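This report goes through one protein structure, element by element. The sequence and the model are shown first.

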Amino acid sequence: MREEDFEALRGPLLTGRQSPGALTLVLLLGIFIEALLFFLVHIVIAYDSYYPYQDMIFKVHLVYSIAIIIISIPFMIPNIFMRF
């Protein structure tokens, strides 16, 4: 591959749309979107469903959602995610 093949990727980097500051905002919004989707899926949509093991699916999804949120929180701090 040539260097010219990657010129389209330089635009967002040069304008600042893909900067470390933007990552903080994206992770913060991601936490709220994850919580909203969890609420919509399990409380609103699947409340009256007849799926087997619905309570087990709820618990597993809750644990994974909490893990994603906990992992996202430290990476919202620029000093931490700049190390990686």
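How many residues does helix 2 have, and how far does it reach from its first C-alpha to its last?

## Helix 2

The model is a predicted one. Helix 2 has 26 residues and covers residues 20-45. From its first C-alpha to its last it reaches 36 Å, close to the 38 Å expected at 1.5 Å a residue.

The buried residues of this helix are Leu27, Ile31, Glu34, Phe38 and His42. An α-helix has 3.6 residues a turn, so residues three or four places apart point the same way. Helix 3 is included in what covers the buried residues of helix 2.

## Ser72 and helix 3

Helix 3 spans residues 54-72, and Ser72 is found in it. Is Ser72 buried or exposed? Its relative accessible area is 13%, and Ser72 is therefore buried, the cut-off for that class being under 20%.

Leaving aside residues up to four places away in sequence, Ser72 touches Leu27 and Ile31. Both Leu27 and Ile31 are listed with the buried residues of helix 2.

## Nonpolar surface patch

Which residues make the nonpolar surface patch of about 1,100 Å²? They are Leu25, Leu28, Leu29, Phe32, Ile33, Leu36, Leu37, Phe39, Leu40, Ile43, Val44 and Ile45.

Leu25, one of the patch residues, lies in helix 2. With a relative accessible area of 51%, Leu25 is exposed, because that class begins over 50%.

## Salt bridges

How many salt bridges are counted? The count comes to two. Side chains of opposite charge can pair when their charged atoms come close. Arg2 forms a salt bridge with Glu4, where the closest N and O atoms are 3.4 Å apart. Arg2 also pairs with Asp5 in a salt bridge, with 3.7 Å between the closest N and O atoms.

As for accessibility, Arg2 has a relative value of 54% and so counts as exposed. Glu4, at 45%, counts as partly exposed. Asp5 is also partly exposed, its relative accessible area being 39%. The partly exposed class takes in values between the buried and exposed cut-offs, which are under 20% and over 50%.

Note on methods
Residues are numbered from 1 along each chain as its sequence is written. This is a predicted model: local features need pLDDT of at least 70, side-chain atom pairs count only at pLDDT 80 or more; totals for chains, interfaces and linings use all residues. Side-chain values use heavy atoms; hydrogens and water are left out. Patches are made of residues with over 30% relative accessible area and no salt bridge: like charges are joined within 9 Å, nonpolar side chains (Val, Leu, Ile, Met, Phe, Trp, Tyr) within 5 Å. Accessible areas come from the Shrake-Rupley method with a 1.4 Å probe; for residues, only the protein chains shown count as cover. A salt bridge is a side-chain nitrogen of Lys or Arg within 4 Å of a carboxyl oxygen of Asp or Glu. Helices (H or I, at least four residues) and strands (E, at least two) are DSSP runs, numbered from the N terminus. Buried means under 20% relative accessible area, exposed over 50%, partly exposed in between (1.4 Å probe, protein chains only). Contact means heavy atoms within 4.5 Å. The expected span of a helix is 1.5 Å times one less than its number of residues.
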